There are 2 protein chains.
Amino acid sequence: MAEKKLVEEITSMKEDFAQWYTDVVKKAELMDYSSIKGCMIFKPGGYAIWENIQRLLDARFKETGVENVYLPLFIPESLLQKEKDHVEGFAPEAAWVTYGGNEKLVERLAVRPTSETLFCDLYANIVHSYRDLPKVYNQWCSVVRWEKTTRPFLRSSEFLWQEGHTAHATAEEAEARTIQMLNVYADFCEQELAIPMIKGQKTDKEKFSGAKSTYTVEALMHDGKALQSGTSHNFGDGFAQAFGIQYTDQNNELQYVHQTSWGVSTRLIGAIIMVHGDDSGLVLPPHIAPTQLMIVPIRQEAEGVAEAANGLKEAFAAAGLRTGIDLSDKRPGWKFAEAEMRGIPLRAEIGPKDAAAGNCVLVRRDTREKTVVSIEEAPQKAAELLETIQQDMLSRAKDFLENHISEAKTYEEFVDAVESKPGFIRAMWCGDVACEEKIKEDTTATSRCMPFEQERISETCVCCGRPAKKLVLWGKAY
Amino acid sequence: MAEKKLVEEITSMKEDFAQWYTDVVKKAELMDYSSIKGCMIFKPGGYAIWENIQRLLDARFKETGVENVYLPLFIPESLLQKEKDHVEGFAPEAAWVTYGGNEKLVERLAVRPTSETLFCDLYANIVHSYRDLPKVYNQWCSVVRWEKTTRPFLRSSEFLWQEGHTAHATAEEAEARTIQMLNVYADFCEQELAIPMIKGQKTDKEKFSGAKSTYTVEALMHDGKALQSGTSHNFGDGFAQAFGIQYTDQNNELQYVHQTSWGVSTRLIGAIIMVHGDDSGLVLPPHIAPTQLMIVPIRQEAEGVAEAANGLKEAFAAAGLRTGIDLSDKRPGWKFAEAEMRGIPLRAEIGPKDAAAGNCVLVRRDTREKTVVSIEEAPQKAAELLETIQQDMLSRAKDFLENHISEAKTYEEFVDAVESKPGFIRAMWCGDVACEEKIKEDTTATSRCMPFEQERISETCVCCGRPAKKLVLWGKAY
């Protein structure tokens, strides 16, 4: 049967998680490879998810006073070099423009890998007095980092993101903004994407090039691997000193500004796939689903069915639900499989008997649970079900996360956990980068973060046995 | 007085229109020059206008079935070269990436100047059957064309735009989509930007590189110069043949698709400035204004004023108006001038006497007309006034356009009109590019379009005297 075959084209998650992921991306028509090495094409299904992420996250930004801007795509090499750590982090993977038309450029230009240097250049020009502060700017754009290996949404030479860049009068204000934006990310992911996040600070080894401190939200994928989902950096006044960003304070004294930056990217779509997806394809949280409800008529040629289905569509749309209707000449089973593969949270089936009885059947994507409702009540019931699905998806993701955190007090326990217990491992650390390196070399696990919720689960470093300083969350990661 | 000086910093329009334009862009804080040659910075005030344009135009696109996608930033040189006319039009002004990290690329990559070739490459891969058609894709992105001279919003090496690219089964469907999108642009500009457009077809000399026909919407700026504000191209099957985009039709025969593309850019912001602005600065149409109404308290330290002002803000916002409040320590006159410079359509003033009487004063940006209203009625009255302003701005722009179209039947009349009558000139044309070139050389005027509303105002070409074929709208242009 055609509809069976359609679903069979998705490799099972247990059989080969990486292939399952690739299959879902392809079959749900989210993304495609392009003929440009390392660059991807966002197809309508994938881009529409990003549009919803942008809309909801941007509204949260603006509530905190963020203003959007757009800065140039290009960074002159000399500008990129102004902050030492930063250039070391990004120059090796930059794409370089050397010709403008037929003329060789005097100075080559990097296609922006991130825009700290451009924002610093701007702030040096427009910040003069304490009255000009704070500046809380953000831009939605694409960035380029020349990658050797690529995976849809997770790693590609060009990707879409937002980057916020702020300048503040005091160190305290900068730190508060850094944490505030991390919390915006964590709340957004939990409430809109139904993905629980662990918040913490990166170790020096894992922090951003040029940052004083980097905070992160880490999510757990279905295969037990971590995905760094968003970061927020406090730069202190390091960039301000390199770029000469100074202001006159209330006492007429010259001060350096304190800066932050923070970003999330289209990686979040990878997280949605790997946290919620199943062997039938994508499962989208209703808040972010481009189509929340798909109407599938059964025997649509029978009297009254197409009319009833179209009537339902209008009623759902009037109730504010993002509604589709599949009136194609495919068989219903095929339409069901297609809607499931695309992750549409709710399906409304209506056939001749339903239409005659004034009913339709609502089917949840996540649990396949069916509910018969009257056509009259359908919009309200569908809206309620969508909210239930959203909450249930979050609950299941939270349970999964909680059930995939283990603890290790000795190195033996640690190595065993990496091998046999997919997920995060909580273990104490002495603070020495050598231990992070040894753990990575021995196990491929890395320090994901020092969680905000600290605890002393043992007195010694899990790796070297010296006195422990911090509880660290470890894991294999994307 | 400080507020006087603030306004005086804007050069008068009559004195020096180009300087007036630059002053408005700078003083209204729309855009700034960057340290990258030819690239601009969109400041919050300018970018917020673009966000509103995107939001309103994108909704109109989606009503016609457009789906958004995102294609790579880079185009391999060999791909750009596949369509002969197209590469000749764009290669000379492309920015070229030659290094990825430290490695020299085997093939250099153009930073997209426009994405026809990328969409063709995609369609060649995903279009197989008539069932796959039409494809009606669009992307919002930035493009790069290496420009020697730059002007904010009007000409820069990088600019923001949308580019729609469609593929259809038949020539008729492609032509219908080309015209449909031109109408979307014209309606959008008229209803949301309050700018009337003249619709027409470009002559062969002025059409897009690789197009079969190009349609345009042309607007008239306050200095009498034309601004090409949006274009829609019918490619026929030229690109399809170059890229091998074929589908199997209902009779199982192989056919080439027929394609279109269409775009508007941040130039539209330039049009808003030059159609509506005055010597006090920007004047924004309410539909597109990031802030529609600014509350300015007078003697805000007096009892009850700040409270009343804040109460007003809540009431306006609750009525769905995009509302700001200026509680800074500047003088009211300065605040008025600042709100005027930024083009905010309506100002609400409230002082101690107003607050005591339960009133506020609404002041229109466009006419300066003042209306005293009760605080209770203020939100509804403000909403009505905003709609009145929008319609009045459109009426004035229409009157201006109608009063700046002249006719020429002889070359003498034509040359005289170009010199003494700012605006469009209607004159007949024989269809020979040589006449377009002579006119341009003699007068700097160019053929803007062959208007859809054709008329025979004389029997002979205004330039050469041979039999006339088309009525053409001529003018000096940006």
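Biologist: What is the strand order of the open sheet in chain A, and how is its pairing described?

Modeller: In this predicted model, the open sheet of chain A has 11 strands in the order β3-β7-β8-β14-β11-β10-β9-β22-β23-β21-β20, and the pairing is mixed. Its edge strands are β3 (67–68) and β20 (405–407), each of which pairs on one side only.

Biologist: What makes the span of helix α3 in chain A close to the expected one?

Modeller: Helix α3 (residues 44–63) has 20 residues, for which 28 Å is expected at 1.5 Å a residue, and the helix reaches 29 Å from its first C-alpha to its last. Among the buried residues of α3(A) are Tyr47(A), Trp50(A) and Phe61(A), and just after the helix Gly65(A) takes a positive phi of about 95°.

Biologist: Why is Ser209(B) called partly exposed?

Modeller: A residue is buried with 20 or more other C-beta atoms within 10 Å and exposed with 12 or fewer; Ser209(B) has 17, so it falls in between and is partly exposed. Ser209(B) lies in the loop between β9 (198–201) and β10 (213–220) of chain B, and, leaving aside neighbours within four places in sequence, it is in contact with Asp85(B), His86(B), Glu88(B), Gly89(B) and Phe90(B).

Biologist: How do you know that the two chains are related as by a two-fold rotation axis?

Modeller: Chain B can be laid on chain A with an RMSD of 0.0 Å by a turn of 180° and a shift of 0.0 Å along the axis, and the two copies are thus related as by a two-fold rotation axis. In chain B, the C-alpha nearest the axis is that of Val97(B), 2.1 Å from it.

Biologist: What makes you say that the copies meet through the same surface?

Modeller: The copies meet through the same surface because 100% of the interface residues of chain B are also interface residues in chain A.

Technical notes
Residues numbered from 1 in each chain as written. Chains lettered and ligands numbered in written order. Predicted model: local features only at pLDDT ≥ 70, side-chain atom pairs only at ≥ 80, totals over all residues. Pairing = 2+ DSSP bridges. Helix = DSSP H or I, 4+ residues; strand = E, 2+ residues; numbered from the N terminus. Expected span 1.5 Å × (residues − 1). Least-squares fit on C-alpha atoms with pLDDT ≥ 70 in both. Contact = placed C-beta atoms within 7 Å.
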